[in-house]
Amino acid sequence: MLKTEDSVVPALSHPASVKVYEILIVWMVVTVAWHEACTYVGSEITNFIYLQWVGIVITMIFVTKNLIQRENLTFPKMMGNKISCTVFIELAIVIMATVLSGIACWALLVFFSAQINVEWAYRHWNLASASAFEEVKWLRSWLVLEVMTIVVIGPIIEEIIFRGFILRRFRQKYQLSYAILASSLLFGALHIDQSFLSSFFHGIIYAILAARFASLYAPIFVHGAYNAITFLMARGYGIFLVAEKSRIDSIGYWLPELALLPFCMIALVWYWKMFFRSNEAALPALVQRG
């Protein structure tokens, strides 16, 4: 199935030098610093938030490089096993499940927040009417920058941090199931302004992929594909962007999307159980220190 030397990678007998709180503090400091800097300097620039994302990603690349050196790792060893073509059918099914669960979780959160305050929900989720969406002019240069950030660079950095350092650190202290849940909770918490629920579920999927294939290539591929598909759906068809303000507090308006949720949860539970029953389960290859 995979290009691998060992079917099971042994756990470390000594703790990692990089702590979870270090990763989280650095991530939050870098995010806040770039947000404040771009707000102060570039708030008049169209879509300046894309510049903020690029700044965060570039900074985290340098930080990650230093963290990898502290772990006495190289990038190839940290990334783990390469993926063979035989697993792409499974990955394609996983991608479809992440997209459907993302839509369902988003609709659920919009509906719940609209029950509390419709105006706030409409602003928070950046919703627009269909007519307003048709009038939006998407700048090609900014779209290219956004695609590069959220589809390519962003997933690489996030998977290295959350399924790399954080998942590995938790795995050294707890059972793999607890490590997956804990790292996914943190992943969801740091995406709470977008969608905690879907980020938490997706974090579980990405962690299972990292452990199942002893590799970060699998979660990076699925994460990037999910971001690419949802980007095309949002910019091309208005999904995640278009909604009628007068109807977002009605469950009937969101019923088609919400109907996906139970099926996605059943699929997630099945994948979880299948993973832990499989003899092919392994820790990410990055647990090997040079």
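This is a predicted model: local features need pLDDT of at least 70, side-chain atom pairs count only at pLDDT 80 or more; totals for chains, interfaces and linings use all residues.
Leaving out residues up to four places away in sequence, Arg247 touches Tyr253 and Trp254.

Phe111 lies 136 residues from Arg247 along the chain, yet 9.5 Å separates the C-alpha atoms of the two.

## Overall architecture

The chain contains twelve helices and two strands. Their order along the sequence is β-α-α-α-β-α-α-α-α-α-α-α-α-α. Of the 290 residues in the chain, 47% count as buried.

Among contacts in the chain with a separation of 6 or more, 81% are between residues 24 or more positions apart. The chain exposes about 14,900 Å², and carbon and sulfur atoms supply 67% of this area.

In soluble globular proteins, nonpolar side chains tend to be buried together. The largest nonpolar core of this model has 77 residues, and Leu209 and Trp254 are the residues with the most contacts inside it. Helix 4 supplies the largest share of this core, with 13 residues. Trp254, named here for its contacts within the core, is also one of the residues that Arg247 touches.

The surroundings of Leu209 can be listed in detail. When neighbours within four places in sequence are set aside, Leu209 is in contact with Leu91, Val94, Ala214, Ser215, Ala218, Pro219, Val222 and Tyr271.

The structure holds five salt bridges. One of them joins the side chains of Glu90 and Arg212, with an N to O distance of 2.9 Å. Glu90 lies in helix 4 (residues 88-116) and Arg212 in helix 9 (residues 192-212), so this pair ties together parts that are 122 residues apart in sequence. Arg212 counts as buried because its relative accessibility is 9%, which is under the 20% limit for that class.

Another salt bridge is formed by the side chains of Lys245 and Glu119, at 3.5 Å from N to O. Because Lys245 lies in the loop between helix 10 (217-237) and helix 11 (251-258) and Glu119 lies in helix 5 (residues 118-124), the pair ties together parts that are 126 residues apart in sequence. Lys245, at 35% relative accessibility, counts as partly exposed. Glu119 is likewise partly exposed, at 40%. A further salt bridge joins the side chains of Arg235 and Glu146, with 3.0 Å from N to O. This pair links distant parts of the chain, with Arg235 in helix 10 and Glu146 in helix 7 (residues 140-173), 89 residues apart. Glu146 counts as buried, with a relative accessibility of 5%.

## Ser198 in helix 9

Helix 9 also contains Ser198. At 6% relative accessibility, Ser198 counts as buried. The side chains of Ser198 and Ser195 are joined by a polar contact of 2.8 Å. Apart from neighbours within four places in sequence, Ser198 is in contact with Gly102 and Cys105.

## A nonpolar patch on the surface

Tyr21, Ile25, Met28 and Val29 form a nonpolar patch on the surface. Together, these four residues have about 410 Å² of accessible area. Tyr21 is located in helix 1 (residues 20-42). With a relative accessibility of 53%, Tyr21 counts as exposed, because the limit for that class is over 50%.

## Two residues with positive phi

Asn126 has a positive phi, near 55°, although the residue is not glycine. Asn126 sits in the loop between helix 5 and helix 6 (130-134). Its relative accessible area of 58% makes Asn126 exposed.

Phe240 is another residue other than glycine with a positive phi, here near 80°.

Notes:
Residues are numbered from 1 along each chain as its sequence is written. Side-chain values use heavy atoms; hydrogens and water are left out. Patches are made of residues with over 30% relative accessible area and no salt bridge: like charges are joined within 9 Å, nonpolar side chains (Val, Leu, Ile, Met, Phe, Trp, Tyr) within 5 Å. Accessible areas come from the Shrake-Rupley method with a 1.4 Å probe; for residues, only the protein chains shown count as cover. Helices (H or I, at least four residues) and strands (E, at least two) are DSSP runs, numbered from the N terminus. Buried means under 20% relative accessible area, exposed over 50%, partly exposed in between (1.4 Å probe, protein chains only). A nonpolar core is a set of buried Ala, Val, Leu, Ile, Met, Phe, Trp, Tyr and Cys residues joined through side-chain atoms within 4.5 Å. Contact means heavy atoms within 4.5 Å. A polar contact is a pair of N or O atoms within 3.5 Å; within protein, one must be able to donate a hydrogen and the other to accept it, and residues adjacent in sequence count only if both atoms are side-chain atoms.
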